Amino acid sequence: MDAPMPSKSLISYVIYGFLLLSLCNSLKDNAVDGKRAYFHTLKINSLPSPDVCKESSKDIIILDPKIKHISSKAFNEGSSSLKLVHKFGPCNPHRTSTAPASSFTEILRRDKLRVDSIIQARRSMTLTSSAEHVKSSVPFYSLPVPASDYIVNVEIGTPKKEVPLIFDTGSGPIWTQCKPCKACYPKVPVFDPTKSTSFKGLPCSSELCQLHGQGCSSSKCTYKTAYVDNSSSTGIYATETISFNHLRYDFKNILIGCSDQVSGNSKGESGIMGLNRSPISFSSQTANIYNNLFSYCIPSNPESTGHLTFGGKVSNDVKFSPITKTSPSSDYDIKMTGISVGGRRLLIDASAFKIASTIDSGTVFTRLPPKAYSTLRSPFREMMKGFPLSHPDIFLDTCYDFSNYSTVAIPSVSVFFEAGVEINIDVSGIMFQYPGSKVYCLAFAELDDEVSIFGNFQQKTYTVVFDGVKERIGFAPGGCN
């Protein structure tokens, strides 16, 4: 008896699979066109990563030019660097938990609060930068929620006390919790100003207090930072010495907030190092030392280290885009101009990018205008249609179940900014793994508002340079290795 003929649908399926496999092999064999990869290999893993710190080779840097540097060609004399670590990772000596995140829902909740607070803060600001404006319309009651999972460890006072601080390009004040505490975060360091010979409470009569204070208590200038998630920090302003543990140089008379009352939850940090464009951020207060220049690299995973670097000479590998003239005075905005998927530049109407794009260290997922996001999502889904879709989250709506795969080929994604800057997103920044599973989601989302946001997930492994003097932001790949 003759064998039954295969159905037309089965034949079509086999032909489609053969063509798709041939296409993927062709793209892999020719994976790079110039510098643009068509596909990236994503290793699938639902198990926790080894709890071992893998330090970057770029962690050590010096300020004193008389000291000979060890090996890193990416850094240079005249700069200094702090190790950037994940709060929950093994490289953080002050971590209070080993869990990278409590849940997917919690990650999304914190990230949404961060975005909402950025929008609220921008609505409360005008484009004037006068001192009266800074005092009256930005009383630190609409600061972005400190949602970042990345911290730096700095030393405060004389003698030095190490404290872990969130590094945050979206806020200005530098503050840490201080004794005696009315309410402080447990299990993390608390600074005792009575034991520091360099601590000086800011007098109410001082010019700094007139500019930045919110009141007086026992002749000392008081402050309060409040965030839209109802967390806050309350205390007095002071000038103090800040040090990096590998430097001979100390930063004296830095304005900090000394908080005796904090609310909210700490997951391994004692406060915040603000790095926005306001005059009280750390980058602004050290501008005369570092020429108002700093950079950072966010590592690809919690087990690795990145860096937060101040000053130095800019490498020729860094490509810059100008900060937009319409940026609020404290924000870092540049103009997004396009997106590519799988090496192909998408046809997105220019009107989709009329709104500013904020570069933010605290927002996780990149938010795009509706037209731009839908144009990104469609070809990404088309290139991934060979994989089973998972039930999408309302927020991250392009998810796949990779339970039956050890590795998958995913389309590359690039984001373009003004002046021809292209950021070819690292494979670790394209898809977000649902914690404890093998479900991965496209790590971009839609934001129908007056600002788009380039989040830290897409910034991973890039050196991101903030040049305040020339008012520009630059990017270079391979920043953490």
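Here is a chat about a predicted model of one protein chain.

Student: Okay, how many helices and strands are in the chain?

Tutor: The chain has eight helices and 31 strands. Keep in mind that the model is predicted.

Student: And what percentage of the residues is buried?

Tutor: Buried residues make up 54% of the 481 in the chain. The chain still exposes about 21,700 Å², and carbon and sulfur atoms supply 54% of that area.

Student: What share of the contacts is between residues 24 or more positions apart?

Tutor: That's 70%, counting contacts in the chain with a separation of 6 or more.

Student: New topic. Where does UniProt place the "active site" feature?

Tutor: The UniProt record, an unreviewed entry, puts "active site" at Asp 168 and Asp 360.

Student: Which elements are they in, then? Start with Asp 168.

Tutor: Asp 168 is in strand β6, which covers residues 161-168. Asp 360 sits in the loop between β20 and β21.

Student: Is Asp 360 buried or exposed?

Tutor: Buried, because its relative accessibility is 1% and the cut-off for buried is under 20%. Asp 168 also comes out at 1%, so Asp 168 counts as buried too.

Student: What does the side chain of Asp 168 make a polar contact with?

Tutor: With the side chain of Arg 114, at 2.6 Å. The side chain of Arg 114 is also joined to that of Asp 360 by a polar contact of 2.7 Å.

Student: Which residues is Asp 360 in contact with, leaving aside neighbours within four places in sequence?

Tutor: Among them are Arg 114, Ile 118, Asp 168 and Thr 169, and also Ile 453, Phe 454 and Gly 455. Ile 453 and Phe 454 belong to strand β29, residues 451-454.

Student: What's on the two faces of β29, and are they covered or open?

Tutor: Both faces are covered. Val 451 and Ile 453 are on one side, Ser 452 and Phe 454 are on the other, and all of these are buried.

Student: In what sense do β20 and β29 pair?

Tutor: β20, residues 356-359, and β29 pair in the parallel sense, over four bridges. For example, Ser 357 has Ser 452 in β29 as its bridge partner.

Student: What holds strands of a sheet together in pairs?

Tutor: Strands in a sheet pair through backbone hydrogen bonds, in either a parallel or an antiparallel way.

Student: Now the open sheet of four strands. What's the order?

Tutor: The order is β19-β18-β24-β25, and the pairing is antiparallel. β19 and β25 stand at the edges with a single partner strand each, so one side of each has no neighbour in the sheet.

Student: How many bridges join β18 to β24?

Tutor: Five, with the two strands running antiparallel. Ser 340 stands opposite Ser 414 in β24.

Student: And which strands does helix α7 lie across?

Tutor: Helix α7, residues 370-383, lies across β18, β19 and β24, and runs at about 10 degrees to β18.

Note on methods
Residues numbered from 1 in each chain as written. Predicted model: local features only at pLDDT ≥ 70, side-chain atom pairs only at ≥ 80, totals over all residues. Heavy atoms only, no water. Buried < 20%, exposed > 50% of the residue type's maximum accessible area, 1.4 Å probe, protein only. Pairing = 2+ DSSP bridges. Contact = heavy atoms within 4.5 Å. Areas by Shrake-Rupley, 256 points an atom, 1.4 Å probe, with all protein chains shown as cover. UniProt positions renumbered as here; feature names shortened; annotations may be inferred. Polar contact = N/O pair within 3.5 Å; in protein donor to acceptor, adjacent residues only side chain to side chain. Axes fitted to C-alpha atoms, helices over the stretch in contact; angles between N-to-C directions.
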